[in-house]
Amino acid sequence: MSRLTDIALTATAPVVWGTTYIVSTEFLPGAPPLMVAALRALPAGLLLLVLTRQLPPRAWLGRVAVLGALNFAIFWAALFVAAYRLPGGVAATLGAMQPLIVLVLARLWLGAAMRWQSVVAALAGLAGVALLILGPEAQLDALGVGAALVGAVSMAAGTVLSRRWQPPVPPLSFAAWQLTAGGLLLLPVALLVDPRLPQMTPATLGALAWLGLVGGAATYWAFFRGIARLGPAAVSGLGFLSPLSAVLLGWLVLGQTLSPLQSLGAATVLASVWLGQQAARAAAQPARSKAAAKSLRV
């Protein structure tokens, strides 16, 4: 499969994640966010476990728990706090720092080169997201800012460690393990904070099915597959497509306006994604050349 195909498949994950806001507000109004997060992760993880019929070995239980906490439990809990304490634009803009954090962690934990093009792409993406959703009425709150940054660091660490800790199983099994672990960690917190369940109507069940099966199981399979094939830096840069998807859906479906600054932000995000993928491709060339030379020597 070509690298372009891998990028396109991986990009479906953040694009679908961008539907979370509109699905939650339109079909799950007033539902407790942490309970929705637990219901999104745990059933999807258990379903994938049934389909894959592959449990993590005992030696992997600790790593799976850490990854489930970083990629789901801590990340989603932090987003919950940030969403309540900050305007959405501020929270999303702080969360857009994740690709920069990934570059630093990949350098420290994986020994990956930090190319200047990748740094420029991450900064451009951050600026694009700010133009896209950061309004002039934005206000800061210390706890909210801290939570948003914790969420960004948590997801960045989970992304890099998902590459460092690659189990000898298909990406679908890896996604099943992490979703289940994240859901098991989220559920007691959700029950403690707000144990209410969403009112179960056909629309609610459809929304939960979308968030869990498509926005959870399918997209995280694509996400972890992309990390294995493309690397953390390339995958995290695609994350800028999530706020872009959310804004475009609001414009197309809800009839929200798109200002000239937002249009500029959208173009900047797309340019940053292109530059980030070019940098990741250039960084992958030396590794492929070394691998090819080693195979020839053998």
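Before we start: contact here means heavy atoms within 4.5 Å.

1. First, a word on confidence. This is a predicted model, and the protein chain averages a pLDDT of 89, with 93% of the residues scoring at least 70. Please be careful with residues 291-296, where pLDDT stays under 50. The model gives that stretch zero contacts beyond four places in sequence.

2. Now have a look at leucine 179. Which residues does leucine 179 contact, leaving aside its neighbours within four places in sequence? They are Ala41, Leu42, Ala44, Gly45, Leu48, Phe72, Gly216, Ala217 and Tyr220.

3. Leu179 also belongs to the largest nonpolar core, which has 61 residues. Leu179 is listed with Trp76, Leu186, Tyr220, Phe223 and Phe224 as having the most contacts inside that core. Another core, of eight residues, lies apart from it and includes Val23, Val36, Ala207 and Leu211.

4. Next, a helix pair. The axes of H4 (residues 61-85) and H9 (residues 171-193) come within 7 Å and cross at roughly 45°, so H4 is oblique to H9. Their crossing is right-handed. Among the residues that meet here are Phe72, Trp76 and Phe80 from H4, and Leu179, Leu185 and Leu186 from H9.

5. Is leucine 131 buried, exposed or partly exposed? Its relative accessible area is 30%, so leucine 131 counts as partly exposed: buried would need under 20%, and exposed over 50%. Leucine 261 is 130 residues away along the chain, yet the two C-alpha atoms are separated by 6.0 Å. Not counting residues up to four places away in sequence, leucine 131 touches Leu261, Gln262, Leu264, Gly265 and Thr268.

Key. Residues numbered from 1 in each chain as written. Predicted model: local features only at pLDDT ≥ 70, side-chain atom pairs only at ≥ 80, totals over all residues. Heavy atoms only, no water. pLDDT = per-residue confidence, 0-100. Core = buried A, V, L, I, M, F, W, Y, C linked by side-chain atoms within 4.5 Å. Buried < 20%, exposed > 50% of the residue type's maximum accessible area, 1.4 Å probe, protein only. Axes fitted to C-alpha atoms, helices over the stretch in contact; angles between N-to-C directions. Helix = DSSP H or I, 4+ residues; strand = E, 2+ residues; numbered from the N terminus. Parallel < 35°, antiparallel > 145°, perpendicular 65-115°, else oblique. Left-handed = near helix turned anticlockwise from the far one by under 90°.
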